[in-house]
Amino acid sequence: MATLEDIGVSAAINILSAFAFLLAFALLRIQPINDRVYFPKWYISGGRSTPRRSGNFVGKFVNLNFRTYLTFLNWMPQALGMSESEIISHAGLDSAAFLRIYTLGLKIFVPITVVALLILIPVNVSSGTLFFLKRELVVSDIDKLSISNVPPKSIRFFVHIALEYLFTIWTCFLLYKEYGNMASMRLHFLASQRRRVEQFTVVVRNIPHISGHSVSDTVDSFFQTNHPEHYIGHQAVYNANRFAKFAKRRDRFQNWLDYYQLKFERHPDKRPTVKRGFLGLWGGKVDAIEYYKHSIKELDKMMTLERQKIIKDPKAILPVAFLSFNSRWGASVCAQTQQSKNPTLWLTDWAPEPRDIYWQNLAIPFVSLSIRKLIISLSVFALVFFYMIPIAFVQSLANLEGLERVAPFLRPVIELKFIKSFLQGFLPGLALKIFLYILPTVLMIMSKIEGYIALSILERKTAAKYYYFMLVNVFLGSIVTGTAFEQLHASFTSHLHIKTERDRGKAMDPGSVDFPETLPSLQLYFLLGTVYAVVTPILLPFILVFFAFAYLVYRHQIINVYNQQYESAAAFWPHVHSRIIASLLISQFLLLGLLSTKKAAKSTPLLVILPILTFAFHKYCQRRFEPAFRKYPLEEAMAKDLLEKSTEPDLNIRAYLADAYLHPIFRSFEVEEELVEVRVDKHQTNVAISPSSEPSSPSPPHHVHQPSPPQYSDYPTSPPGYYYQYQPPSPPHYVYHNYQHQVEP
């Protein structure tokens with residue numbers, strides 16, 4: 001266990017490291033050469049087109065305005081200056097909700113820290129039990145500030161129980177208030193945004209096969225019968241996974257071609273070459289530019305053939321479809337009701353926004369989803385609870401004796417003093433470091449195998465798996481080994497390093513908030529704070545430093561760097577609420593167990609009722625607020641429809657929705673060929689595709705149940721993104737109406 005001196009040294013190192021990183025960040029961000037690194041969001045949104053620089057040559061790379069060096073820390077007040085409504089308009093509700101988690105942490109732990117330090121530490125220190133124990137027992141200064149210093153059967157335990165009640169009531173009060181605020185913000189966000197295609201679209205899965213009828217005919221017949229006034233058509237879904245692999249390979253070849261062409265432009269006296277063998281490591285050398293041009297040309301031919309095969313083969317049509325409705329009300333009724341007396345058929349749900357769809361999983365047969373989820377659940381359980389067994393086995397081999405046994409010819413090199421010292425310090429933890437590095441990727445692959453069709457859901461499921469792993473192996477493991485403070489220290493220092501340097505390496509790909517990794521790590525701090533608030537309150541100031549510092553850094557990143565891949569309208573908030581409640585329950589059970597070891601028979605029973613009350617509060621919040629994150633109220637849908645009809649009476653909704661959910665690979669592949677009428681199968685009506693909807697090659701049609709299909713010239717050829725209104729230097733007033741959403745039951 002760390003001593004107070006260890007804490008002081010660690011705190012000093014952390015403060016100095018933080019200051020050094022902040023200083024480097026503040027100086028690097030004002031250099032013109034780094035402008036696209038630290039402000040990519042503004043280039044993407046159009047708020048900035050060129051770096052701010054001086055007129056001469058040196059000024060293109062180095063900031064020569066020395067006044068800016070005197071105010072280089074202005075990024076902190078600038079990051080705090082944008083209001084929440086402006087952040088919603090600038091970056092989306094997901095980003096604003098993510099920042100509210102940090103402010104919630106500060107609201108919870110600032111009062112708790114003050115009360116705990118003023119009341120609990122004097123109570124613990126004045127007990128003085130550990131001062132009189134035998135010297136053979138290892139006792140640290142932190143133990144003398146914790147509940148460990150209170151003697152068994154002491155009446156002072158009533159103070160700890162009273163504060164556990166107080167801290168739980170305070171946390172539940174803030175959770176209730178924040179849950180209500182987020183539910184209201186979500187409904188307001190959905191109600192005030194502009195018209196989006198996903199508001200009128202429902203995804204239906206497990207479409208039954210009817211002999212003699214195509215999938216499209218079956219869909220049209222069923223929904224014309226059951227939703228006659230609102231159903232207007234559907235977009236068939238095709239198994240284009242093989243085509244997608246070709247497209248991905250073509251993009252990779254195109255990147256290499258661009259690289260070698262740029263290299264040749266810089267050095268025209270020498271043609272670049274590449275080896276044709278595996279990964280370019282061996283084989284005959286050929287001209288790199290000609291090689292990749294030829295490879296791309298061959299792939300184009302293969303993609304053309306595969307595309308035609310997909311369109312003309314009726315077996316390529318999946319028992320999945322995206323349904324289009326002429327009103328939000330009609331889509332809401334269909335998405336949120338059972339369609340068939342057989343509850344396993346015609347399964348409807350809100351369609352994710354087009355850019356949020358994970359297209360590969362649409363090809364997974366629905367009957368296999370339950371089996372997949374069962375297998376992955378068992379795998380995650382084994383990974384969480386037994387991961388140390390294979391790691392320990394690999395580490396037992398990754399030592400000097402194991403290396404000498406496997407590779408005896410390396411013995412002379414291994415026995416060198418420098419090499420031996422290096423290997424002894426490096427090899428034992430190498431397997432564990434590699435495992436922890438690839439763990440988020442492994443968990444994401446597991447979530448994809450489960451078959452979820454939205455990227456936002458995949459990230460939430462991955463975050464849940466990662467949270468369980470950290471709960472068992474990081475938190476509970478630290479309880480068993482007594483290394484909780486070391487875990488806190490390691491997480492804090494790694495956070496300082498990652499959020500100031502890693503983004504520089506991702507300059508041209510700013511990415512977005514990494515929810516699968518960030519949310520579980522953030523929830524771990526809530527867990528540490530709630531558990532140690534009563535047991536070891538001296539750790540609480542470090543929790544506060546983390547929340548304050550992380551809030552500042554992420555605010556800056558969201559405003560200037562991150563570009564969200566999708567918008568789920570804060571659909572992850574119920575998970576945040578549930579895991580903070582879980583933290584409260586864990587803290588209560590751990591305190592209950594600790595008091596039982598202290599033989600506090602008189603005071604311990606008072607704590608038994610608290611977990612029951614906390615769980616009851618959680619169930620009430622679920623019933624009260626969670627429907628806002630799972631369903632879309634018909635009242636809101638009808639109000640939005642009536643408003644739109646009064647303001648846009650001539651809106652052609654069919655033209656607006658046409659090909660909105662066409663697989664993106666059918667849009668991205670461009671070949672020069674005339675458009676033709678495509679017959680999908682022998683039971684389907686020929687549909688001519690408008691040149692404006694797909695100008696390059698034939699594409700799967702959007703099926704409507706009208707005799708003559710409408711012209712789709714109004715719809716853009718790619719899913720629209722955000723509408724950014726924020727322009728420096730004086731931000732305008734922001735509204736919520738420019739964003740997309742996904743409603744997920």
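Predicted model: local features only at pLDDT ≥ 70, side-chain atom pairs only at ≥ 80, totals over all residues.
Buried means under 20% relative accessible area, exposed means over 50%, and partly exposed lies in between, with a 1.4 Å probe and protein chains only.

Residues are numbered from 1 along each chain as its sequence is written, and side-chain values use heavy atoms, with hydrogens and water left out.

I begin with confidence. The term pLDDT denotes the predictor's confidence in each residue, from 0 to 100. The protein has an average pLDDT of 76, and 71% of the residues score at least 70. Helices and strands here are DSSP runs numbered from the N terminus (H or I of at least four residues for helices, E of at least two for strands). Confidence is highest in H25, at 95, and lowest in helix H21 (residues 484-505), at a mean of 42. Contact means heavy atoms within 4.5 Å. Over residues 130-139 pLDDT stays under 50, and the model has 10 contacts beyond four places in sequence for them. For residues 669-699, where pLDDT also stays under 50, the model has 81 such contacts beyond four places in sequence.

Next, the packing of helices. Two packed helices are described by the angle between their axes and the distance between the axes. Axes are lines fitted to C-alpha atoms, for helices over the stretch in contact, and angles run from 0 to 180 degrees between N-to-C directions. Angles under 35 degrees count as roughly parallel, over 145 as roughly antiparallel, 65 to 115 as roughly perpendicular, and the rest as oblique.

How do the axes of helix H24 and helix H25 cross? The axes of H24 (residues 573-597) and H25 (residues 609-625) cross at roughly 175 degrees and come within 9 Å. The two helices are therefore roughly antiparallel to each other. Among the residues that make the contact are His-577, Ile-581 and Phe-589 of H24, and Leu-610, Phe-615 and Cys-621 of H25. For classes, Ala, Val, Leu, Ile, Met, Phe, Trp, Tyr, Cys and Pro count as nonpolar, Asp, Glu, Lys and Arg as charged, and the others, Gly among them, as polar. The contact of H24 with H25 has nine nonpolar, five polar and no charged residues.

H24 also packs against H9. Their axes come within 11 Å and cross at roughly 175 degrees, which makes H9 roughly antiparallel to H24. Residues of H9 including Phe-157, Thr-168 and Glu-178 meet residues of H24 including Trp-573, Ile-581 and Leu-595. The contact of H9 with H24 divides into 13 nonpolar, six polar and two charged residues.

Side chains of opposite charge can pair when their charged atoms come close. A salt bridge is a side-chain nitrogen of Lys or Arg within 4 Å of a carboxyl oxygen of Asp or Glu. How many salt bridges does this rule give? The count comes to 14.

In one of them, Glu-178 meets Arg-100 at 2.6 Å, N to O. Glu-178 lies in helix H9 (residues 157-192) and Arg-100 in helix H7 (residues 93-127), so the pair ties together parts 78 residues apart in sequence. Glu-178 is buried at 3% relative accessible area, and Arg-100 is buried at 12%.

Glu-644 and Arg-195 form a salt bridge too, at 3.1 Å, N to O. This pair links distant parts of the chain, 449 residues apart: Glu-644 is in helix H27 (residues 634-647), and Arg-195 is in the loop between H9 and strand S1 (201-205). Are these two residues buried or exposed? Both Glu-644 and Arg-195 are buried.

In a further salt bridge, the closest N and O atoms of Arg-271 and Asp-287 are 2.8 Å apart. Arg-271 is partly exposed at 36% relative accessibility, and Asp-287 is partly exposed at 23%. Shared partners also join Arg-195, Arg-328, Asp-641, Glu-644 and Glu-648 into one network of salt bridges.

Finally, some details of the backbone and of burial. Ala-569 is not a glycine, yet its phi is positive, about 60 degrees. Ala-569 sits in the loop between helix H23 (540-560) and H24, and is buried at 0% relative accessible area. In helix H6 (residues 84-91), six of the eight residues are buried, so H6 is largely enclosed by the rest of the structure. Gly-92, which follows H6, has a positive phi near 105 degrees.
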